There are 2 protein chains.
Amino acid sequence: MTTEAKPGPRERLLEAAATLTYQDGVGIGVEALCKAAGVSKRSLYQLFESKDELVAASLKEGAPAYVAGLLPPADDGRSPRDRILHVFEQVEAQGRAPGFHGCRYLSVQIELKDQRHPASRVARRIKRNLLTFFRTEAERGGARDPELLARQLILVFDGASARAGIGVENLKGLITPTVVTLLDAADVR
Amino acid sequence: MTTEAKPGPRERLLEAAATLTYQDGVGIGVEALCKAAGVSKRSLYQLFESKDELVAASLKEGAPAYVAGLLPPADDGRSPRDRILHVFEQVEAQGRAPGFHGCRYLSVQIELKDQRHPASRVARRIKRNLLTFFRTEAERGGARDPELLARQLILVFDGASARAGIGVENLKGLITPTVVTLLDAADVR
């Protein structure tokens, strides 16, 4: 028999916030978060300044897994074009998974409608890193206008994950041809 | 002096629901809706079965204005290509307006995360009409694959309004070139 380190109240709150805000939205109540985490309200407010700060922290904690699930490994030897297409293959695969509600870092900003909210700030920063990835690969791939291509790619990324997330689009036969058209037009071969 | 017909409680509730759910999200409380409309809770529940039904009704009521603000008039003599581009010019202009939070019919579905919610159903139906407009114009314009082009256009539409709505993209120099690239690739001249 092995003994596993049981996650502490902080980890359980972060996990509950990540799961419940994704499933039910950022409007989820403090009661529900505490109940799911098995933590008292008192403990929550000892560990985090506010529910907003807990949600922001949970988004930040989730960033490495988000990045790993989308981006190719650094220096994997593939062309910039293939590295960009890799991201969209992941979006297509994720979009098919049950319980997919779109990109959490887009949803949270749409739901909060407040750019100064701590969770919006975290989400914006993480998505800006995705934009930077696209721009870097666009530059490496010799895109005619790397800035334009990067903005187009993240627009398609957000449109695709939003539409798959609300269950009106399965992305099959859509996302790859769209990205290929944009890459071709930008001369990224 | 003219006498104006003062909007009744039903109209005031629909107006309050449209404004407040757009500004603050569908999680807005019944109290806030009643307060903004100057209507008692009792009246709300006499007029609508539930808050969900009120929100759904307000989305439905807003559809003609939404369509008029985006789509060109029927038979305006312009080419299908220009009629499609017209929609995206409207999106770009709307995206610059203060208080823009993206397409309300996308946001509500993202926020609710429940495809069977009455408001999600209304929103889905209205967006399906936009998809139909794109497909019809794509067919008329001789697109190689009208279905694919229509799906691409609504993907760009949703990505663009979402990103403008959260204040990370102004769409200038982005949305028209993107749509032009997709139209060119589909042979819609």
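Colleague: How many salt bridges does the rule find across the interface of chain A and chain B?

Modeller: This is a predicted model, in which local features need pLDDT of at least 70, side-chain atom pairs count only at pLDDT 80 or more, and totals for chains, interfaces and linings use all residues. Residues are numbered from 1 along each chain as its sequence is written, chains are lettered from A in the order in which they are written, and side-chain values use heavy atoms, without hydrogens and water. A salt bridge here is a side-chain nitrogen of Lys or Arg within 4 Å of a carboxyl oxygen of Asp or Glu. One of them joins Lys113(A) and Glu111(B), at 2.7 Å from N to O, and across the interface the rule finds six.

Colleague: Which element gives the largest share of the side of chain A that touches chain B?

Modeller: Helices are DSSP runs (H or I, at least four residues), numbered from the N terminus. Those of chain A that give two or more residues to this side are helix 1 (9-24), helix 7 (104-112), helix 9 (146-165) and helix 10 (175-185). The largest share, 11 residues, comes from helix 9.

Colleague: What area do chain A and chain B bury between them?

Modeller: Buried area is the accessible area (1.4 Å probe) that two parts lose on being put together, summed over both. In contact (heavy atoms within 4.5 Å) are 39 residues of chain A and 39 residues of chain B. Of the area buried, 66% is on carbon and sulfur atoms, and the total is about 3200 Å².
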